[in-house]
Amino acid sequence: MKGYIYEGLGNSFIICQNKTNINTTKICNENNVDGLIIYTQENNVMEMYNKDGSKALMCGNGIRCLVNYIYDHVKESNIYNIYTPVGIKNAKVISLIPFTTKINLGKPRLIKELNDVKSIKIDDETFFINALFLTNYQVIIMVDNIKDKKINLYAEKIYNHPLFKNKCNITFCELIDYHHIKTITYERGVGFTKSCATGASSAAYISYLLYNMSNKINVIQEEGILNITIDNDIYLQGKSSFIKEIEIDE
């Protein structure tokens with residue numbers, strides 16, 4: 001069976017059209033990618049699997065890569081409606097070179113039972129949290145410096161904290177100026193990734209909501225920038241590209 005590897009800001013996925021007994025962890029590790037996307041052409045359904053084999057509700061970089069794949073291999077169009085476990089996500093192709101897609105992620109929902117806690121303590125360190133649901137469970141932690149060594153030391157411990165029963169994406173966010181933030185995410189089912197688009201979108205929303213930032217925020221990540229617009233719904237815009245074709249053992 002053929003598979004196709006696409007990436008969005010270094011966050012990479014294998015995309016294929018047939019759901020078989022694929023060993024997700026094995027195939028992802030062999031190809032050094034972050035996840036597997038199964039696409040059903042008949043009804044435009046996206047199924048997303050993390051590197052550890054767990055099923056994700058949605059993925060911001062993944063859905064942009066899927067749109068890139070559909071444009072290349074199925075149907076050329078400017079508008080796509082992708083069915084996911086968290087509803088239909090509307091996608092618009094903005095440009096072809098580079099391939100850039102804008103996705104309506106929907107409305108964020110703050111998680112009261114987590115936000116009531118306000119902070120968690122691990123060892124001797126206290127981390128202030130903001131929690132929301134935006135296609136996945138997200139926890140945002142503001143930091144003074146995205147390169148702080150404490151992020152690497154504590155990210156996995158925060159991720160495994162008993163408060164987060166649903167295993168959230170843990171995103172660390174540094175404010176730069178009115179229109180710019182930097183983020184890094186310890187992603188559910190993967191660990192640290194070069195980019196997490198839903199984490200970036202959630203951090204932009206928290207920055208707008210609590211820190212008087214613009215409703216148009218550029219999120220700087222390791223391999224590029226994601227453009228987030230907050231207008232009732234959250235809109236994510238970013239680049240993607242095709243890497244290579246592979247064979248998947250069935």
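1. Let's start with a term: on a 1 Å grid over the protein atoms alone, a cavity is a set of points where a 1.4 Å probe fits but cannot get out. Grid points are joined across faces, edges and corners, and a volume is the space filled by probe spheres set on the points. A search of the whole structure turns up 1 cavity of 30 Å³ or more.

2. Keep in mind that this is a predicted model: local features need pLDDT of at least 70, side-chain atom pairs count only at pLDDT 80 or more, and totals for chains, interfaces and linings use all residues. Residues are numbered from 1 along each chain as its sequence is written, and side-chain values use heavy atoms, with hydrogens and water left out.

3. Now look inside. The largest cavity has a volume of about 100 Å³. Its lining (residues with an atom within 4 Å of a point) is made of 15 residues, and N50, M58, N136, N169 and E187 lie nearest the centre. Two or more lining residues come from each of β4 (45-50), α2 (60-73) and α5 (197-211); helices (H or I, at least four residues) and strands (E, at least two) are DSSP runs, numbered from the N terminus.

4. Next, find H179 in the loop between β14 (169-177) and β15 (180-187).

5. Finally, the side chain of H179 reaches the backbone oxygen of K216 at 3.0 Å. H179 and F242 are 29 Å apart in space, C-alpha to C-alpha, and 63 residues apart in sequence.

Notes:
1 Å grid on protein atoms, 1.4 Å probe; cavity = no way out; pocket = protein on both sides within 12 Å on 5 of 7 lines; lining within 4 Å. Polar contact = N/O pair within 3.5 Å; in protein donor to acceptor, adjacent residues only side chain to side chain.
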